[in-house]
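Have the sequence and the model open as you read.

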Amino acid sequence: MEQIRELEELLTLLEGKQYTKLRQFLAELNEADIALLMEELEEEVMLKVFRMLPKDLAADVFSYLEVENQQMIITSLSDKEAGNVINNLMADDAVNLLEEMPANVVKKLLRSASPETRRDINELLRYPEDSAGSLMTVEYVDLKENLTVTQAIERIRKVGVDSETIDVCYVLNKRRELIGMVELRSLLFCDADDVIGDIMEENVISIHTMMDQEEVAAQFKKYDFTAMPVVDNENCLVGIITVDDVVDIVEEENTEDMEMMAAIVPSDKSYMRTGVWETFQKRIPWLLLLMVSAAFTGAIITSFEEALSAYAALIAFIPMLMGTGGNAGGQASVTVIRGLSLGEIEYRDVPRVVWKELRVAALCGVCLAAANFIKLMIFDRLGLMVALVVTLTLVVVVLLAMFVGCILPIGAKRLGLDPAVMASPFITTILDALSLMVYFKFAAMLLGL
């Protein structure tokens, strides 16, 4: 409701050409809220509102807009206006922008950017994608260990305006090696002539430039920091990563895992930005693979065609057995995949994980089998041997399902693959074949087929 009211007020001020009041109104809003309001406007109106924003505010709002709108605005701006935007963006946001833009727009932005901005962008672009180096920003506050508190605060006032955060300042020696850190609140409570080297915290937890972004997110979760320094092989400070970047990482990784668990090739675009043909290309490889692998299920059924014709009642329970196996395997795999992503499960934990899943499977299998046995005997009025075939198969299928569901993701992780690859669709296809094989083996043993 609040957003609707703000949008109505914005449109009223625009229609009345009360531009001074409009600028004051926008200045009182948060950058993210302004971006949300602008997303609701027509392109021409959106561009008009964007041009009214002060330079610094315009850059902040720009970073929150959807990529399509960023591209539309940049291509509509003059070189000077585009330069103001790119120069006022944080370096990591500028890199993210360039990675999403067409080549002609990238050329325009780099041509319009200041030499310092181009240097910072090129510095970040040399790191591999999804590494800590590609995520960091080079706008931070660094201090020398021989500075006094007064000198340190003066430096923060001087360089902090363009920094991502000033809550934490990093202490460097003459070789720019990271030797300590000091919080701004600590400086405020220290004596003016205290030396930074005496009050700094020396035990600094840092991130290497080549660390994978998923591990970066795990480090933030472990230590509960809002910012962490990024160092190179010589322990020299080259940038920082802030918690807002980590939120983006978590969202990206979760989206990727969800897509892979649904047997979809991951995409770096949102759903609405992905065309029909591109969506088809992302989905069809796994669908073809799963379809071919499912052919084994049909081959198993065909090989037992005579047995099924003799005991037609067995056919009715095939969907239930296959479905239960897939569901049980899916539950185990999702639980283990989540544990792997959170760092709760390591390869050395395989025996414990398998033992736990087998015990859970035994309890679930017996419970399901007992419920089915009562149904088969009382309501379906089937013979004892047919009921035993179904219930015994159910127990073994659940055991196999949970074993396969827990072991495959761990095995994938061990081989350097994403555990999410071994999620529901893939595991279900394997378990469908195993369920049928077990089912017909019990039928052959107990019914003499």
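## A strand covered on both sides

Strand S5 has cover on both faces: Ala227, Pro229 and Val231 on one side, and Met228 and Val230 on the other, are all buried. Here, buried means under 20% relative accessible area, exposed means over 50%, and partly exposed is in between (1.4 Å probe, protein chains only). S5 spans residues 227-231, and five of its five residues are buried.

A word on the ground rules. This is a predicted model, where local features need pLDDT of at least 70 and side-chain atom pairs count only at pLDDT 80 or more, while totals for chains, interfaces and linings use all residues. Residues are numbered from 1 along each chain as its sequence is written, and side-chain values use heavy atoms, with hydrogens and water left out.

Which strands does S5 pair with? Strand S4 (residues 207-208) is joined to S5 by two bridges, and the two run parallel. In that pairing, isoleucine 207 stands opposite valine 230. Strand S6 (residues 237-242) is joined to S5 by five bridges, and these two run antiparallel. There, alanine 227 stands opposite threonine 242. Two strands pair if DSSP finds at least two bridges between them. The hairpin of S5 and S6 has five residues between the strands, and asparagine 235 in that hairpin takes a positive phi near 65 degrees.

## Helix H15, a helix with two faces

Next up is helix H15 (residues 213-223), whose buried residues are Gln213, Val216, Ala217, Gln219 and Phe220. They cover an arc of only 155 degrees around the axis, so they sit on the same side of H15. That arc is taken from the directions from the helix axis to the C-beta atoms. An α-helix has 3.6 residues a turn, so residues three or four places apart point the same way. On the face of H15 turned away from the buried side you'll find the exposed residues Lys221 and Lys222.

Both ends of H15 have a detail to look at. At its start, a side-chain oxygen of aspartate 212 comes within 2.9 Å of the backbone nitrogen of glutamate 214. After H15 comes aspartate 224, which has a positive phi near 60 degrees.

## Salt bridges

Side chains of opposite charge can pair when their charged atoms come close. The rule used here asks for a side-chain nitrogen of Lys or Arg within 4 Å of a carboxyl oxygen of Asp or Glu, and by it the count comes to seven salt bridges. Here are some of them:

| Aspartate 142 | Arginine 176 | 3.4 Å |

Salt bridges that share partners join Asp142, Arg155 and Arg176 into one network.

Aspartate 142 is buried, at 8% relative accessible area, whereas arginine 176 is partly exposed at 34%.

Arginine 157 is exposed, with a relative accessible area of 60%, and glutamate 154 is partly exposed at 47%.

As for the remaining pair in the table, aspartate 349 is buried at 13% relative accessible area, while arginine 352 is exposed at 64%.

## Cysteines

How many disulfides are there? The count is zero, using a cut-off of cysteine sulfur atoms within 2.5 Å. Take cysteine 367: the nearest cysteine sulfur belongs to cysteine 364 and is 7.4 Å away. Cysteine 367 is exposed, at 54% relative accessible area, whereas cysteine 236 is buried at 16%.

## The whole protein

Zooming out, the protein has 22 helices and six strands. These are DSSP runs numbered from the N terminus, with helices (H or I) of at least four residues and strands (E) of at least two. Of its 449 residues, 43% count as buried. Among contacts between residues at least 6 apart in sequence, 67% join residues at least 24 apart, where contact means heavy atoms within 4.5 Å.

Notes. A polar contact is a pair of N or O atoms within 3.5 Å; within protein, one must be able to donate a hydrogen and the other to accept it, and residues adjacent in sequence count only if both atoms are side-chain atoms.
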